[in-house]
Each structure stands twice: as C-alpha cells, then as structure tokens.
Amino acid sequence: MEAWTPGFCCQPTRIYWSEQGDGEPGFLSSVPTAADPVVQSQLRKECSLAQLMDCETDMVKQIRALDSDMQTLVYENYNKFISATDTIRKMKNDFKKMEDEMDCLAANMAVITEFSARISSTLQDQHEQITKLSGVHTLLRKLQFLFELPARLTKCVELEAYGQAVRYYSKARSILHQYQHMPSFQGIQDDCQKIMANLAQKLREKFRDGGSGAKDLAECVELLLQLDEPAEELCDEFLSHARCRLEAELEALEAELGQPGGAPITDVLEFIDRGCNIFVSNMCLVIASYQELFVSREGVQGITRMAQDKLVAFVNSLMETYFSLVERRIQLEKGVGDNSLLVRALDRFHRRLQALAKLLPASNVAAEGTEIVVRAAKERIRQYLLALQSFYQDCLTDVRQSLAAPRLAGKESPNLAELLGTISASVLNQIKSVLTYVHLFTAKDITFSNKPYFKGEFCSQGVREGLIVGFIKSICQTARQFCETTGDKGGSTPPALLLLLSRLCLDYETSTISYILTLTDEQFLVQDHSPITPVTSLCAEAREAAQRLLNHYVKVQGLIISQMLRKSVETRDWVNTIEPRNVRAVMKRVVEDTTSIDVQVGLLYEEGVRKAQSSDSSKRTFSVYSSSRQQSRYAPSYTPSAPLDTNLLSNIQKLFSERIDIFSPVEFNKVSVLTGIIKISLKTFLECVRLRTFGRYGLQQIQVDCYYLQLYLWRFVCDENLVHFLLDEIVGSTAHRCLDPVPMEQSVIEVICERG
C-alpha cells in the first residue's frame, strides 16, 4: 500500500480488497484518499487548477474501477450468499425441533426416576434375602457336582473321554482335599481316587501301546502330568516308546543298503529322501512333542533341565546310528561320472538337518551332518584322483598296444606326434570333466556351499592341491618309475613310450600345467590363505621328469645298439678271421637303427644346433697310425724302448684332448639325443675292442666297419669330431691289440664300403 506523499499534486490512491483466510469477502482497507477534507484543503492550497482537474479525473477513474470491482465481486460470490442464507434458515428450523425433543426427554427422565425410586423402596427389604438365596443355590450346585463326580468320572472312562474326566477331577480335587476330614467328602474322594487310578493305568497302557500315534501319545502324557505322575518317569517312557518306532525305521533304512558287498537297492538320492522324509521328520515330530510336553510347559520349570538333557542324549544316540547308515550309503557311490545325484542328496540331507538343529540347538546334529558332507566331498575328490590316475594308466596301455601292434604285425610304427596329441587331449578333457563334476559342490543353490570349508579349504587344499596338483605329481611320479627299470635293454618299457612321455612332460612344463591351474582357479574362487604349490615348482618337477625320461631313452637306445655291437665283437674269432670282403651286417643294422631313431625323435623334438661341418666329413680316412703312439711304434727307427715312448706320447696326447662325457644329460632336441645314443654305442664298441686280441684281418675288418660307420653317423651328431675321435680310438685300440698290425689300403676300404 502506498500512502499519499506531499509535494505531488495528486498521488494515485490505492484501494485494497482484503479477503479472509477461508476465501470469504472481507472489508475495504482504510487508506487516505483525495476525498479526505484535510487532503482536499492541502490540495487547494498547493496545487494549480490544472493539477486539480487532473486529480479529479483520476478520482473519477478510480471510482469507476471500484464500482466495477464491486460488481464483479458480488457476481462471483452470489451463489455463496444464497447458500449461506439457506443454511441459516435450516438451522433455525432444526434448533426449534431440537428444543421440543429436549423438553420431551426431560419429562421422560423425570418419570423414569420416579418409577426407579418406587421399585427400590419396594425391594429394599428382600434384597439381602435374594443375595443369600443366590449364594445357597451356587453352593448347592457345587455340592451336586461333587456328589455326582464319581458317576461322571465313571461315565467318562467308559466313553474313553479321558481328557474330560481329568478336567472334572482337577476342578474338584482341591475342594475334596480341603474337606477330606468330613466323612461324606472322604467317601467321594476315595471313589474318585480309585477311578482316577484306574484311568491312569489305562493311560499308561495306551502310552506303552506301540500302535498309538504321536498325537495320542502327547495327550496321554499331558493327562498323566495333570494327574501328578512322576515327570522323569514319563520322560523315559515317552523316549523309550519313540526309540522303538525310530529304531524300526532305521532298520528298514538299513535294509535298503542291500547285502554287504552287493549293490544298494535304491540310488543315493532316493535313500536320503526316505531317511529325511520318514526318520528325520518323525524325529522332528518327537522333539517338538517332547519339548511341548516336558520342556515348554508352564508350572513345571523344575524338570526342564532334566528333560532337556534326556532329549539331547536321546537325539544324539539315534542320529549317530542314522549318520553311520548315511555314510555307508555314500561310500557305496563308486562311480566317477556325473555326481549330481550325490550332491543333490547331500544338499537335502544338510537342509533337513538344519531344521532339526533349529528345534534342538543343544544337540550336535548340525556339526556332525556338516562333517559327513565334508568327508563325502573329500572322498569324492580322492575317488576322482584315482579315476584320473587310472585313466592315465589306461592311456599309457593304449599307447603301448599301439606301439606293439605294428611291430608284431610287421607294419610301420604309428606316428608318435599323433599319439602324443591323442593322449594329451584325452587327459586334458578328462581333467575338465572332473572339474565340472566337482564344481557342483560349490554351486550357489547348494546350501552347504556357503560353509567355510567349501569356500576355502575345499577349493584350495581339496580341488587344487589334492586333485589337480596331486594328479600332475602322479604323472611325474609315473615318469620317474619308468626310469627306474633295470636290465640290459632298459626293462619292458618300449623306448618310443619313454620318448613320448618325455615330450608330454615337457609340454606340461611349458604350457599345460599353467593352463590347468588357471582354469581351476577361475572355476573355484579360492578364499583360503593356506599355502599352495606354486606353478613354478610343478613346472620344475615336470621338466625334471622329462629330462630323466629323455636321458633314460638315450640310455636304453644306446644299450640296445651297444648290445648288438658287443655280441658282434665277443662272438667272433678276430685272430683267425678271413680277409674282409664287405661290411659286417651288424654295422648296417646299427646305421639302420640310428636312422630309425633319428626319424622317431624328429617327430617330437626340434632339430637342434650342429657345429659347422667340414666338406670332407664322409671321406675322412682312418689309419692305424693316426695317433703319434702308433707312428712311433711302427717307424723304421723302431727300438726296444719304442713301446715306452709310445705309451708316454699316448698319455700326453690324452691330457690335451677334450674329455668326452658319455652319459651326460641330453638337451631337448634331436641332435643332442642322437649324439648321446651314438656316444654310448661307440664307447661300448671301444671297450669291447679293448678286451679282445686281433689278427691282421681282424684289424682290417675293424677298419672297414669304422669307415662305414663314419660315412653315415657323422650327420646325426652335433659335432662330427666326436665321431672321428671315438672311431680313431676304436681303430687305434684294435691296432694296439693286434698281433700282426698290417692295415688295409684306404682305396680298398672305400671300395668295400661303397659296394656294401
């Protein structure tokens, strides 16, 4: 709101229409306007005529606007005015009727008060008498109930309404006991006690009856407790009766296990279902009934502890028998395929035990049940480990048969690379299948999967360490066992199998172990911090097994060739032999076997690195005078002291020659493997030569054989000088032990070898 301010000829006047909070019309605001006499006098004094005329014009406009606003307000609130008028008219009529009704009510109340006063005055003298008669009537009814009580009890017993009889007797027992000194009440009490003793006997017989149901038993116990029977005795009888029924159910359950050593009658899921639906359910019913009767009853708190202890001992003893049956049935699950039935059975078993444990927390049922599930999981892992080991042994047997069948039939040997791929893929697929089966124990919908064991120890120590790491170690152990065989020919293990297994272990070291353990860790999210076997340790063990297998393969193949060479040397008369005309067949066999071994190893291992080869490697000559000792011995200036000089010079030359380690570990490549085999073979040849005495033609035959070996063996080894050195030693040793050391011409040797 703006007030009029002096100094202006005419300040616009504001008129405000106020409304009440509920929207009802209010009043005009009182503000100074130009119509105020004081304002008018001030305007006439201070304003000019033109200003006064403008002020008048403004006032006329404001009046017209005010009239328009008033008309609009009246039109808008017309219906409200009419409604308010009607409401006021109705209120006047209603209040008039209400006044008439109130007058009538006051008159009626006065009449009622008058009648009430008359009735009270009339009955005042008889009130006490009526009260006394009412009390006498109640007492007579009670006495009538007491006198009729024996008949009522007898009738209830005849009708087997034992609960009603106990209620009647409980209602009258305190009164009879209070007035038992009176002969009439004494007689009633005696009759009632005899009847109730008979009733108690009937209840006990019914309680002991094996055909009674759980509800009937509960009713019997309830009535006997109301008759003040000993609670401890009732507890024992209740549990004894329940034990008979539950033991019968256990016997029926045991019958489903079948004969010892035979197959079970039902599968494990059906067995667990029957046990849970019959035995465990009835056990829960017994616990609930017992607790309701003896533990949770009001007014008998003194027997609660005793009853609870008896119940816990009862449940633990029977559940122990049930658990033994369950474990026996689980142990019959020998199959190593899909174990979904077993997991589902264990899940239901665990679920039902949780319900029983909630009914009786003081028992050890839940803990024992969880232990059974844990032991079942551990046993399952052990069975899967044995199954994997058996599968691996079967794969090795198949490989043995594949290697032996072509040899017996005279056919070409199978491809070792294909056999390796087959056994690797088969074992890996079997491991994946086993991991899938075991993973069911940790599925989210399995109740026991959230137990600490299955979240931690089962995944780390059970699956990873016990199953996967254990199987990998068993593979390495099997490899080491193949290397422990004895015999000149390496035992009964085919050399090709040793080679294949060495490559298998090497592949495990390079990639397979890491892949399997990564797959295991991804499927079983380990939350356990127990120490586990590192991947590097397993890889090192696999590599060590591969190395031992490859070393053993070299040794076995070397011994096979060495055996041929040894027999060829020992069974020949080298002093009286004829002049050589061709290469001995055993040398051709040595070259053929070496070539076959080269092809065999090349299927599984890379070529390897060789030293630079000379251009005349295949044409190198061997002479009985290739060493300085032999040159000195057969020189024209031969003297008696020459043998001493020859031995001295030979020993000096050996000091400066490179030492050859015959049985050194081989590398994982073809060249290294063939080098090891050839070293063993030639070293055996050399030692056999040193044990024999040769004639002229014997020496020449050795020359021919060594030259033939030189033509072919140098290309198999990493360093051709090694073959040259060993063959030089063989020829030199032969000449040293020859009675008539006359060597054969090199041209003749070459002709014989080319013809051979």
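User: Let's start with glutamate 101. Which helix holds glutamate 101?

Analyst: In this predicted model, glutamate 101 sits in helix α3, which spans residues 78–123.

User: And how do I read its accessibility: is glutamate 101 buried or exposed?

Analyst: The general idea is a pair of cut-offs: under 20% relative accessible area is buried, over 50% is exposed, and partly exposed is in between. Glutamate 101 comes out at 57%, so it counts as exposed.

User: Now a residue in another helix. Where is valine 463 found, and is it buried or exposed?

Analyst: Valine 463 is found in helix α15, residues 457–482. At 0% relative accessibility, valine 463 is buried.

User: Which residues does valine 463 contact, leaving aside neighbours within four places in sequence?

Analyst: The idea is to look for heavy atoms within 4.5 Å. With those sequence neighbours set aside, valine 463 contacts Ile381, Leu435, Val438, Phe458, Ile468, Thr520 and Phe524. Take threonine 520: it is 57 residues from valine 463 along the chain, yet their C-alpha atoms are separated by 8.0 Å.

User: How much of the chain's contacts come from residues 24 or more positions apart?

Analyst: Count the contacts with a separation of 6 or more, and residues 24 or more positions apart account for 80% of them.

User: Arginine 480 carries a charge, so I'd like to check it: is arginine 480 buried or exposed?

Analyst: Buried, because its relative accessibility is 15% and the cut-off for buried is under 20%. Arginine 480 is placed in helix α15. Not counting residues up to four places away in sequence, it touches Lys473, Glu541, Glu544 and Arg548.

User: Let's zoom out. How many helices and strands does the chain have, and what share of its residues is buried?

Analyst: The secondary structure comes to 24 helices and two strands. Of the chain's 756 residues, 40% count as buried.

How values were computed: Residues numbered from 1 in each chain as written. Predicted model: local features only at pLDDT ≥ 70, side-chain atom pairs only at ≥ 80, totals over all residues. Heavy atoms only, no water. Helix = DSSP H or I, 4+ residues; strand = E, 2+ residues; numbered from the N terminus. Buried < 20%, exposed > 50% of the residue type's maximum accessible area, 1.4 Å probe, protein only.
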